[in-house]
Amino acid sequence: MAPADLEKRAKEAFVDDNFELAVDLYSQAIDMDPYNADLFADRAQANIKLMSFTDAVADANKAIELDSSMAKAYLRKGTACLKLEEFQTAKAALEAGASLAPGDARFSNLIKECDERIAAETADLPKQSAGASPSIVVDSSDHATTAGESDQSNVSTHQQIVAPPAKPKYRHEYYQKPNDVVVTIFAKGVQAKHVVVDFGEQILSVTIEIPGEDVYHFQPRLFGKIKPEDCRYQVLSTKIEIRLAKADPINWTTLEFTKEPLVPQKINVSSVAEVGRPTYPSSKSRAVNWDEIEAQVKKEEKEEKLDGDAALNKFFREIYQGADEDVRRAMSKSFVESNGTVLSTNWKEVGAKKVEGTPPDGMEMKKWEY
């Protein structure tokens, strides 16, 4: 079945309030047409109806990545973030969308709601119970803009049957310091170009998309709020290391948000500084110094002894990572134009002419005709 036919059936399922089927059909269409921003934006709307708000944010982000001028993608993101109580992120998305659709009153209405919620959150912060569970408010202003969408107020009340979660493709774990949380995803040999990491006020979104393999998604709603602008990540040879900057110096009892009443405990930064390093609960008689272990792992990765092509690739990668822009351009151009037989770092020489292939001694280059 063609992507257009699947999209048509998905819209019909949406109109019939069969949102689970709509998501499934949109997913099938996306597998066949992965660069269609409309499919991601429409699946985001169906996920909003199912109250799968983190999935909706991920879909909206992908739609924006594919088409940054799509106003409805910003509307979907703003709506989902609003329901996740990520008011600042929601407002930023809605303001971007409003600039693309100045006459659409939905944006101004939702921005106004964001301002009210931000003001209320700021005013009520000292009075708020630390363990209070956030409420999810369904906004009725998000009317559909395409065929197959209905009023936002008509939220499905169907009982969902949740299947047991499948075993994740990659293992992950985390540890924390007074001001940040370090999340490690053990994905060996994954290239940085296949990894996309996004940060929200209380959302971490990690996508690993390797051609020919199932897409890996890790999109938890976090225990506490973070500062997205201060968060960082690094793709290493054996893992992806993500540093989340805490908005407040509290102890995270879990990585993911829980509705169970919990009283966050503030970390005494001064006392941590006195002892030198943070300690963690353990059944062992001796506390584990995670910083020391982390430094040791990085040292081992740096000193790792490789053979053959692996050693050569590592050598070239280190040159590329430490090089300036001209050297990187020279390396890329010479490698591509010579069909992988020449690797030069001299841009003045490489940039002035086409790089001809130079086969190894005893071999010759042939051009294949298709």
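The legends below go with several close-up views of one predicted model.

Residues are numbered from 1 along each chain as its sequence is written, and side-chain values use heavy atoms, with hydrogens and water left out. Because the model is predicted, local features need pLDDT of at least 70 and side-chain atom pairs count only at pLDDT 80 or more, while totals for chains, interfaces and linings use all residues.

**View 1. How confident is the predictor along the chain?** The chain averages a pLDDT (the predictor's confidence in each residue, from 0 to 100) of 78, and 75% of the residues score at least 70. Over residues 126-162 the pLDDT is below 50, and this stretch makes 73 contacts (heavy atoms within 4.5 Å) beyond near neighbours in sequence. Residues 271-276 also fall below 50, with four such contacts in the model.

**View 2. Here is the largest nonpolar core, with 25 residues.** A nonpolar core is a set of buried Ala, Val, Leu, Ile, Met, Phe, Trp, Tyr and Cys residues joined through side-chain atoms within 4.5 Å. Buried means under 20% relative accessible area, exposed over 50%, and partly exposed in between (1.4 Å probe, protein chains only). Ile185, Ile208, Leu244 and Trp252 touch the most other members. Strands (E, at least two residues) and helices (H or I, at least four) are DSSP runs, numbered from the N terminus. Strands S2 (180-186), S3 (195-199), S4 (204-208), S5 (216-218) and S7 (240-245) each supply at least two residues of this core, and S7 gives the largest share, four residues. Apart from this core lies another, of 22 residues, among them Val23 and Ile30.

**View 3. Gln202 sits in the loop between S3 and S4.** Its relative accessibility is 7%, so Gln202 counts as buried. Leaving out residues up to four places away in sequence, Gln202 touches several partners, including Glu86, Pro220, Phe223 and Phe257.

**View 4. Helix H5 covers residues 71-83.** Its 13 residues reach 19 Å from the first C-alpha to the last, close to the 18 Å expected at 1.5 Å a residue; the expected span is 1.5 Å times one less than the number of residues. Why is H5 largely enclosed by the rest of the structure? Because 13 of its 13 residues are buried.

View 5. Glu85 counts as buried at 17% relative accessibility, whereas Met51, at 42%, counts as partly exposed.
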